[in-house]
Amino acid sequence: MQHYRPITRLLKRAITVDQHLAFARPFTSLTTTANKHKPDTKKDTTATDTLSNRQKFNQIQPPIKLYEKLEKLGFGTLLKTKRYSGLHKQKARRDQQRQQYTERVGPPPEPKYAFPLLSFFAGAKVPTSFPPESLDEIAFVGRSNVGKSSLINSVAESSVVRTSDKPGLTQQINFYNVGKLFHMIDMPGYGFAFVDDAEREQWRELMETYITKRKTLKRVYVVLDARHGVKVADVDFFKMLNSKQVKFQVVLTKCDLLVLPNLAKRIVTVEDHIKQLRNAVKDVVVVSSKTDAGINQFRKEMLFLMGHLQPKEFYQAIQAAKDEKEARRAKSASFKR
């Protein structure tokens, strides 16, 4: 038995240690069981962080109000598939609630709003060339090749503003008369353009001088391509405008190139970028210069902003006169044949 004494002593010591640990932590087994059922928040957070931008984008769930707004503006309707069945049920309930108070489900049709003739009157490559301040102004700015010039032409129903597929065509600040109501300003694009760094820096200084010094400036419309959303250059420009206490609003162009669900998700992501900026207008404008979807509503909002929105009958009379003129022209052409 002498041979086995050391082993016996070791076993006694191990039992003593185990008893001591059990006394010190009497609910060790319960704690272990509880930890099994406790969610691993750190693990969940890591899983969320590892999602790609595309996966995060696909997980966005826009509200039904946003879909209704886009449908009203002419950007299509949701497909009647199982995937959107919940949204269709929400929409049906909202329509039913509206019918309790009004005879029509949707809002009454809007007239076609119109601007006076758009005409170029000044261009400035240096601040000393800015024309004297007279009428109120609204300015358009955005990354190169986002469709800014095409947007101005669509809103004004004009072709005065030069357009091109080549980025960086607008190389100065261009001033346009909207009749005698107000001025529209087309600014150079920021970001990528076929110019050297020195010239791009000169544009930036020119734009910042105009934005900070122009007292007649009422709003800056920052134009983004809906397909690409907010980029780093846009975020920097937002922050610059906000720091200088300049009121600005985001306009999404080329919206016809996105299907309705993706367009709604894109709007949500843009709203998320600007929600903390005090000088940003939280309502994002959505338009398509190709199909004219959203253009009439944008025109109306601009007229209201500048204090020149007339009663609906005013625009209905203008449209009736145009229709009558077009009918006479068509009749005259048929007689010539």
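What share of the contacts in the protein chain with a separation of 6 or more comes from residues 24 or more positions apart? The figure is 74%, with contact meaning heavy atoms within 4.5 Å.

Ground rules next. This is a predicted model, where local features need pLDDT of at least 70, side-chain atom pairs count only at pLDDT 80 or more, and totals for chains, interfaces and linings use all residues. Residues are numbered from 1 along each chain as its sequence is written, and side-chain values use heavy atoms, with hydrogens and water left out.

The overall picture. The protein chain has twelve helices and seven strands. These are DSSP runs, H or I of at least four residues for helices and E of at least two for strands, numbered from the N terminus. Of the 337 residues, 37% are buried, that is, under 20% relative accessible area with a 1.4 Å probe, protein chains only.

Now helix 5, residues 64-73. Its buried residues are Ile64, Leu66, Tyr67, Glu68, Leu70 and Leu73. Just after helix 5 comes glycine 74, with a positive phi of about 100°.

Helix 5 packs against helix 10 at an angle of about 120°, axes 10 Å apart. Axes are lines fitted to C-alpha atoms over the stretch in contact, and angles run from 0 to 180 degrees between N-to-C directions. From helix 5, Leu66, Tyr67, Leu70 and Glu71 take part. They meet Leu260, Pro261, Leu263, Ala264, Ile267 and Val268 in helix 10. That contact divides into nine nonpolar residues, no polar and one charged. Here Ala, Val, Leu, Ile, Met, Phe, Trp, Tyr, Cys and Pro count as nonpolar, Asp, Glu, Lys and Arg as charged, and the others, Gly among them, as polar.

A pocket is an open set of points on a 1 Å grid over the protein atoms alone, with protein on both sides within 12 Å along at least five of seven lines; lining residues have an atom within 4 Å of a point. Helix 4 (53-58) and helix 10 (260-274) each give two or more residues to the lining. Helix 10 gives the largest share, five residues. Among the lining residues are Asn53, Phe57, Arg266, Val268 and His273.

Notes
On a 1 Å grid over the protein atoms alone, a cavity is a set of points where a 1.4 Å probe fits but cannot get out, and a pocket is an open set with protein on both sides within 12 Å along at least five of seven lines; lining residues have an atom within 4 Å of a point. Buried means under 20% relative accessible area, exposed over 50%, partly exposed in between (1.4 Å probe, protein chains only).
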